[in-house]
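Let's take a friendly walk through a protein model, one piece at a time. Have the picture ready and follow along.

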Amino acid sequence: MYDIIIIGAGPAGMTAALYAKRANKKVLVLEALNYGGQIINTVDIENYPTQEHISGYDFATKLYNQITELGVEIIEEKVISIENLKDYKKVNTKNNIYKAKAIIIATGTDNRKLNIENEDKFIGKGISYCATCDGSFYKNKNVCVVGGGNTALEEAIYLSNICNTVYLIHRRDKFRADQILIDKLNSISNIKLVLNATINKLNGNEKLDSIDILSNNKIDTISTDALFIAIGKIPMNDIFKDIIEIDEYGYIVSDKLCHTNIPGIFVAGDIREKSLRQLVTATSDGALAATEAVKYINQ
Amino acid sequence: MKIINVDEDNFNEEVINSKQKVLIDFNATWCGPCKMIGPVLEKIAEQNDNIKIVSIDVDNNQDLAKEYNVFSIPCLVVVKDGKEIKRNVGLISKNEIEELIGE
């Protein structure tokens, strides 16, 4: 029996482990993929206090070393369900059952997909969810970005420095992004806006070579080597949503102390319903959730 | 076995003409997920003698990346008798890599 099981080894989950372990609790972190979470895709973090520049990989690795040296156990197994029993909680993976007095959910979010035909087929062959990761493969090519928020605009601006022409496709006529980004976008000559338009079809054989755009009831084809999809994130709530309260967007509802609707189950990081999803708020959640979990166990 | 760094000069010798099955790890120094996969591949290389694992830096070997249609990394490609038989794009777990490699 563990004191606390943390699901997800991103910045929120690992910070929760740090605080729980320092409170002398027996802690297990379960991670489906690899430690770090989405932050490892960030090439340069510039807004974490004291770190003028640090790569997401270095940040995650430092935090990983910090907690494993303290004795936190991290196991690479995907959780398939959790159960709230009378005296303890159960966490089930494909091959094992783990027991704990408290659970902290820190599974984060995943990229939202367009959900159109051939999207999966062209991943890595034209379809990408990360311009800073894959942009350099498309030097001097024509590329498309779809989306209308901060991420989409940042990606279009980033790609405009590398690529020939960047088409920014958005289903509305206005962006819901920071004004500073909109101003920057409008000042760049090789970004072409395709507004009030949705993507209808992805074309190509071995790799993506064009996309069909539906706008004003008519279809246009844009020939392009890549489509960067930046239409938001989806909370990874599948294994919890039957017992944990979620909001209309799928994020886990909690009070200001990270308590979910079930006593002894806490939430931290991007999957938590909140207004700002940043590294600093993820680590903050982790500290808070762990402290509350420790209080719950000591009761 | 250790992971072998491969470039355009020794690609044919180490990959195409290899008698063993080869797992190519296309990566770059700036790619976080690639850095995550690196140590996992090292472990797999140590534990398995039935596959050769080679690492290719896509920035220094753009022609090889192009030849294999690599447009996103990390990208793992399994090559047998000089031909691609499987690939995976994106970060995957140790178990999934072992599944990709197969028997």
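## Before we start

This is a predicted model, in which local features need pLDDT of at least 70, side-chain atom pairs count only at pLDDT 80 or more, and totals for chains, interfaces and linings use all residues. Residues are numbered from 1 along each chain as its sequence is written, chains are lettered from A and ligands numbered from 1 in the order in which they are written, and side-chain values use heavy atoms, leaving out hydrogens and water.

Helices (H or I, at least four residues) and strands (E, at least two) are DSSP runs, numbered from the N terminus.

## Two helices in chain A

How do α1(A) and α2(A) cross? Helix α1 (residues 11-22) and helix α2 (residues 56-70) of chain A have axes that come within 10 Å and cross at roughly 25°. Axes here are lines fitted to C-alpha atoms, for helices over the stretch in contact, with angles from 0 to 180 degrees between N-to-C directions. That makes α1(A) roughly parallel to α2(A), a label for angles under 35 degrees.

Contact means heavy atoms within 4.5 Å. Among the residues of α1(A) that meet α2(A) are A:M14 and A:L18, while the α2(A) side includes A:F59 and A:L63. The residues of this contact divide into 10 nonpolar, 2 polar and 2 charged. Ala, Val, Leu, Ile, Met, Phe, Trp, Tyr, Cys and Pro count as nonpolar, Asp, Glu, Lys and Arg as charged, and the others, Gly among them, as polar.

## Two helices in chain B

In chain B, the axes of helix α2 (residues 32-47) and helix α4 (residues 94-101) come within 10 Å and cross at roughly 50°. The contact includes B:I37 and B:L41 of α2(B) and B:I97 of α4(B).

## A helix and a strand in chain A

Which residues of α4(A) are buried? In helix α4 (residues 150-160) of chain A they are A:A152, A:L153, A:E155, A:A156, A:I157, A:L159 and A:S160. Buried means under 20% relative accessible area (1.4 Å probe, protein chains only). Their cover includes α5 (179-186) and β15 (226-229) of chain A.

In β15(A), A:A226 and A:F228 point one way and A:L227 and A:I229 the other, and all are buried. In a regular strand the side chains alternate between the two faces of the sheet. β9(A) runs parallel to β15(A), joined by 4 bridges, and A:V145 stands opposite A:F228.

Notes. Buried means under 20% relative accessible area, exposed over 50%, partly exposed in between (1.4 Å probe, protein chains only). Angles under 35 degrees count as roughly parallel, over 145 as roughly antiparallel, 65 to 115 as roughly perpendicular and the rest as oblique. Two strands pair if DSSP finds at least two bridges between them.
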